[in-house]
Amino acid sequence: DAPDACEATLKTLDDAALSGAVFGSVLEDFLSRKRSGLEPDFEGLKLAAALAEGLGTGSLVVSGAGLIRSLGAVLDDAAAAMGEGEEDVDADGLEGLALTAVLGIVELGSTDRAYGDEAALKALLPSLEALSAPVRRATDMAAIAVECRAKILCRGLGDAPAARGAEEDPVAAAKAALEQSHPAERARGVVGLTKLARRFVADHDARLKGRGLVVEVGAEPTALDWRPLGAVLVEAVCDDESYVFLAAAHALAAVADAVPAEVLPWLREAFETAADERRKLRLGEA
């Protein structure tokens, strides 16, 4: 069909900037028709979704404040729908497409953008916060929203000097970053915690598949025990900043999902022995 033919042509031309321009044009046209009450071009959306897969390979380059604002409009619509009790749980839908594109921009795009581009990225933060709720049914999309938010807050922050011992202990590095006062520094800690949770889950899954990776205390140096990470995550869950709390809640859920028999009793004890109602509420949500 037409989307497949167009996608094949763009791959043949091998022009990442052209693919990005087509992606932006199709997405903006879809939004324009949707807002005007016209029948949306779902074939065009199918093409945009197919092109978005190129974000991870560099075959699609998207940039510019205009495109970022278009993605923001998608996220605004999704956040507004959530406020009305209508949540999109389809990871291949419009919200999932927009979140993937934003993540690609902040992960693979330029680290030094024009002022207008940076302002457009910062304008995404309110919608990303709403879409990060840990109680969402679409947990994968909520986690992507958390990661996008943290990485936007980190932008413009150069490599920070590592805390003493942090080179050997990534958990200590994340904890040290969270203890800073600057939001961007603290966001760096959030990103670090997210990566550590993913690493733990990946190591655990690899062990189950018989690849020889272990996560017990005293095992290989590359292994990650969940307990030091869990202690930092529990404190982060009780943080005043929502982007820290939300990221920690998702990371804690991922770790608990990997080893529920170990983590859930420990988390239950933390909940039951919480010193105040606010802390108990946060742990309960997580």
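Author: The chain's secondary structure comes to 14 helices and zero strands; helices (H or I, at least four residues) and strands (E, at least two) are DSSP runs, numbered from the N terminus. This is a predicted model, in which local features need pLDDT of at least 70 and side-chain atom pairs count only at pLDDT 80 or more, while totals for chains, interfaces and linings use all residues. Residues are numbered from 1 along each chain as its sequence is written, and side-chain values use heavy atoms, with hydrogens and water left out.

Let's start with the whole chain. Of its 286 residues, 46% are buried, where buried means under 20% relative accessible area, exposed over 50%, and partly exposed in between (1.4 Å probe, protein chains only). Take the contacts between residues at least 6 apart in sequence: 70% of them join residues at least 24 apart. Contact here means heavy atoms within 4.5 Å.

Now for your pocket. On a 1 Å grid over the protein atoms alone, a pocket is an open set of points where a 1.4 Å probe fits, with protein on both sides within 12 Å along at least five of seven lines; lining residues have an atom within 4 Å of a point. The second largest pocket holds about 380 Å³ of space, a volume being the space filled by probe spheres set on the points, which are joined across faces, edges and corners. Its lining has 18 residues, and Thr139, Ala143, His250, Ala251 and Ala254 lie nearest the centre.

Where does this lining come from? Helix 8 (139-154), helix 10 (183-208) and helix 12 (242-258) each supply at least two residues, and helix 12 gives the most, with seven. By class, the lining has eleven nonpolar, three polar and four charged residues. Ala, Val, Leu, Ile, Met, Phe, Trp, Tyr, Cys and Pro count as nonpolar, Asp, Glu, Lys and Arg as charged, and the others, Gly among them, as polar.

Serine 127 lies in helix 7 (residues 125-131) and counts as buried because its relative accessible area is 7%. Leaving out residues up to four places away in sequence, serine 127 touches Leu75, Asp76 and Ala79. Lysine 175, in helix 9 (residues 170-178), has 43% relative accessibility, so lysine 175 counts as partly exposed. The C-alpha atoms of lysine 175 and valine 232 are separated by 6.5 Å, though these residues are 57 apart along the chain.
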